[in-house]
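Please look over the sequence and the structure shown below before reading on.

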Amino acid sequence: MERIIFYILALTMIVFAMAAVRSRKMLRSVIFLLFVLAGIAGIFFLIDYNFLAAVQLTVYAGGIIVLIIFSVLLVHHIELELEVAKPLKQVITGIACLLGIGVVLNTIYTHDFKVVENDLTTSTADIGSKLLSVEAGGFILPFEVISVVLLAAMIGAIIIAKGKKLEKGSSETEDRSQINTGSNEI
Amino acid sequence: MRIALNITENIQEWLLGMMSETAANYMAMVIVALIYLGIFSVAGLFLVLIERRVAAWFQLRIGPNRVGFQGLLQTMADALKLVSKELTGTDRADKFLYNLAPYFVIISSLMALGVLPFTKEFQAFDINIGVFFLIAISSIGVIGILLGGWASNNKFALIGAMRSGVQTISYELSVGLSLLTMILLTGSLQLSEIVEVQKSGWLIVQGHIPAIIAFMIFMIAGTAETNRAPFDMVEAESELGAGFHTEYSGMKFAYFFLAEFINMFLIAAIGTTVFFGAWLSPFGITESVPWLGAFWFLAKTLILVFLMMWFRWTFPRLRVDQLLTLEWKYLLPINLVNIVIMAFIVWQNLIIQI
């Protein structure tokens with residue numbers, strides 16, 4: 001049963017990954033990419049990593065894909081199609097892809113995997129205490145580094161969005177009117 | 001893969017008497033899927049009817065009361081009409097995405113339905129990250145709306161879809177954070193355990209002041225996330241025609257329409273589960289009769305649904321900038337402070353337990 005589900009998931013992921021690269025309509029590519037990401041979430045569900053699967057769905061499917069769709073909606077017209085690459089480029093890309101597949105397959109088949117019998121479902125409490133533990137094997141340092149990076153990204157985004165208003169030092173009322181017009185366009 | 005399928009187990013045991021083990025497994029899955037599809041369509045149809053009757057009641061009208069007893073078959077007739085209608089589409093639209101879009105919306109709400117604990121036994125998928133899974137699934141639905149709006153090749157649909165995207169992404173934060181406030185009390189994301197905790201008092205009583213604030217934020221943000229009035233900029237009739245589903249007709253339109261009502265039901269059901277003790281009866285009066293849990297669950301859910309309809313027919317529609325100001329300048333800061341207060345209350349053990 002699990003084997004069948006795994007093969008179905010793997011097959012759909014490969015097919016949609018290829019479709020995402022081959023499609024000439026930009027939004028269709030994005031949707032095929034969404035199916036690939038949802039397939040990865042499915043694999044996580046299959047091996048009982050429920051938390052990671054839900055994170056995959058919220059962050060990638062719900063967050064990143066929606067952002068990409070937004071940018072496509074803003075810049076792309078429905079009748080535009082992406083141009084086809086020159087034959088030489090296609091051949092080079094094909095060879096590069098085959099090389100990559102070769103390296104990956106070679107590593108997978110030569111590597112000596114150690115099968116771990118794991119019947120425990122990781123609970124969110126375990127993940128939480130691991131994330132904040134300062135002992136050996138804890139993840140407090142990467143956790144803090146990531147939060148600093150996110151804070152920097154948020155401040156950067158706000159400064160870029162404010163743009164000229166920061167230089168001018170304009171008054172409160174002007175700010176409001178600009179925010180209003182900005183959101184009305186949406 | 002070990003899924004805790006409660007109702008499946010019961011059905012499986014019953015089926016095992018009749019056929020082999022594997023066949024019983026597959027049959028149980030099919031039966032559960034059919035049961036949930038049935039709940040989905042029946043709930044959708046009757047919520048539409050309830051909405052129309054409630055709207056009529058608020059406007060001192062009678063509402064649909066001719067087809068069947070008190071109009072009970074009215075929405076069935078509407079559904080039959082929608083099935084028989086011609087499916088139209090715009091010229092030069094992206095046909096593939098246009099046809100795909102309704103399924104995103106409807107599948108995401110159907111998947112969320114499977115997690116809800118109707119009674120102790122009647123819960124299809126008791127996953128250990130229940131609440132988080134619900135939040136994750138509800139973030140997929142907006143993709144269908146964005147796609148539908150863009151693929152229709154219609155500027156009103158596109159504007160409606162963009163508004164919907166902005167609105168849903170913003171208000172998802174508030175829904176998530178207000179549920180997180182309650183998770184501080186339960187200490188578990190699993191819905192069956194959340195219900196278990198509430199046997200010593202519903203969470204809205206246990207968490208008193210911050211819980212009530214969280215509930216109010218949850219209802220506001222939930223109404224906004226389902227794109228209902230007073231937050232229905234997405235399909236503001238006076239400005240955008242019908243918003244993102246302007247170009248949809250027949251059954252494809254009905255999918256969007258049904259999904260909207262099911263989403264309303266879902267928000268009310270999540271509210272019931274997290275704040276009002278799901279299938280637990282008030283003061284444990286019917287604890288000896290387990291199947292009455294479904295009645296209590298539905299009763300509480302319908303009261304919250306009625307509250308959302310009440311919002312709809314009472315408040316005027318907000319502007320887009322007012323909507324975003326409400327979320328980012330009011331709800332989000334209140335929510336963050338509220339989490340800290342709740343953490344303090346749990347730390348000092350100021351919980352009210354019956």
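## Helices H12 and H13 of chain B

H12(B) and H13(B) are oblique to each other, a word used here for angles that are neither under 35 degrees (roughly parallel), nor over 145 (roughly antiparallel), nor 65 to 115 (roughly perpendicular). The model is a predicted one, in which local features need pLDDT of at least 70 and side-chain atom pairs count only at pLDDT 80 or more, while totals for chains, interfaces and linings use all residues. Residues are numbered from 1 along each chain as its sequence is written, and chains are lettered from A and ligands numbered from 1 in the order in which they are written. Helices (H or I, at least four residues) and strands (E, at least two) are DSSP runs, numbered from the N terminus.

H12(B) packs against helix H13 (residues 292-314) of chain B at an angle of about 120°, and their axes are 8 Å apart; axes are lines fitted to C-alpha atoms, for helices over the stretch in contact, and angles run from 0 to 180 degrees between N-to-C directions. The crossing of the pair H12(B) and H13(B) is right-handed, the term for a near helix turned clockwise from the far one by less than a right angle, with left-handed for anticlockwise. On the H12(B) side the meeting residues are Met264(B), Phe265(B), Ala268(B), Ala269(B), Gly271(B) and Thr272(B), and on the H13(B) side they are Phe297(B), Lys300(B), Thr301(B), Leu304(B), Val305(B) and Met308(B). By class, this contact of H12(B) with H13(B) has eight nonpolar, three polar and one charged residues, where Ala, Val, Leu, Ile, Met, Phe, Trp, Tyr, Cys and Pro count as nonpolar, Asp, Glu, Lys and Arg as charged, and the others, Gly among them, as polar. Two residues are in contact if their C-beta atoms, placed from the backbone, lie within 7 Å.

## Helices H4 and H6 of chain B

Helix H4 (residues 95-113) and helix H6 (residues 141-151), both of chain B, pack at an angle of about 160° with their axes 7 Å apart, which makes H4(B) roughly antiparallel to H6(B). The crossing in which H4(B) passes H6(B) is left-handed. Residues of H4(B) in this contact include Leu97(B), Phe104(B) and Ser109(B), and among those of H6(B) are Ile143(B), Leu147(B) and Ala151(B). The contact of H4(B) with H6(B) is made up of eleven nonpolar, five polar and no charged residues.

## The nonpolar core

A nonpolar core is a set of buried Ala, Val, Leu, Ile, Met, Phe, Trp, Tyr and Cys residues joined through C-beta atoms within 7 Å. The largest one has 110 residues, of which Phe133(B), Ile143(B), Leu147(B) and Phe265(B) touch the most other members. Helix H12 (residues 250-275) of chain B gives the most to this core, with 16 residues. Apart from neighbours within four places in sequence, Ile143(B) is in contact with Leu34(A), Ile65(A), Val66(A), Ile69(A) and Phe104(B).

## Two residues of chain B

Where does Phe244(B) lie? Phe244(B) is in the loop between helix H11 (237-240) and H12 of chain B, and counts as buried because 34 C-beta neighbours lie inside 10 Å. A residue is buried with 20 or more other C-beta atoms within 10 Å of its own, exposed with 12 or fewer, and partly exposed in between, with C-beta atoms placed from the backbone. Not counting residues up to four places away in sequence, Phe244(B) touches several residues, including Ile145(B), Gly148(B), Ala157(B) and Val234(B).

Ala24(B), placed in helix H2 (residues 21-58) of chain B, is partly exposed, with 19 other C-beta atoms within 10 Å. Ala24(B) and Tyr36(B) are twelve residues apart along the chain, and their C-alpha atoms are separated by 18 Å.

Chain A has eight helices and zero strands, and buried residues make up 11% of its 186 residues. Helix H1 (residues 2-22) of chain A packs with H2(A) at an angle of about 160°, their axes 8 Å apart, and the two helices H1(A) and H2(A) are therefore roughly antiparallel. Their crossing is left-handed.

The contact between the chains takes 30 residues from chain A and 31 residues from chain B. Helix H2 (26-46), helix H3 (50-75) and helix H8 (172-185) of chain A each supply at least two residues of the side that touches chain B, and H3(A) gives the most to that side, with twelve residues. By class, this side of chain A has 16 nonpolar, nine polar and five charged residues.
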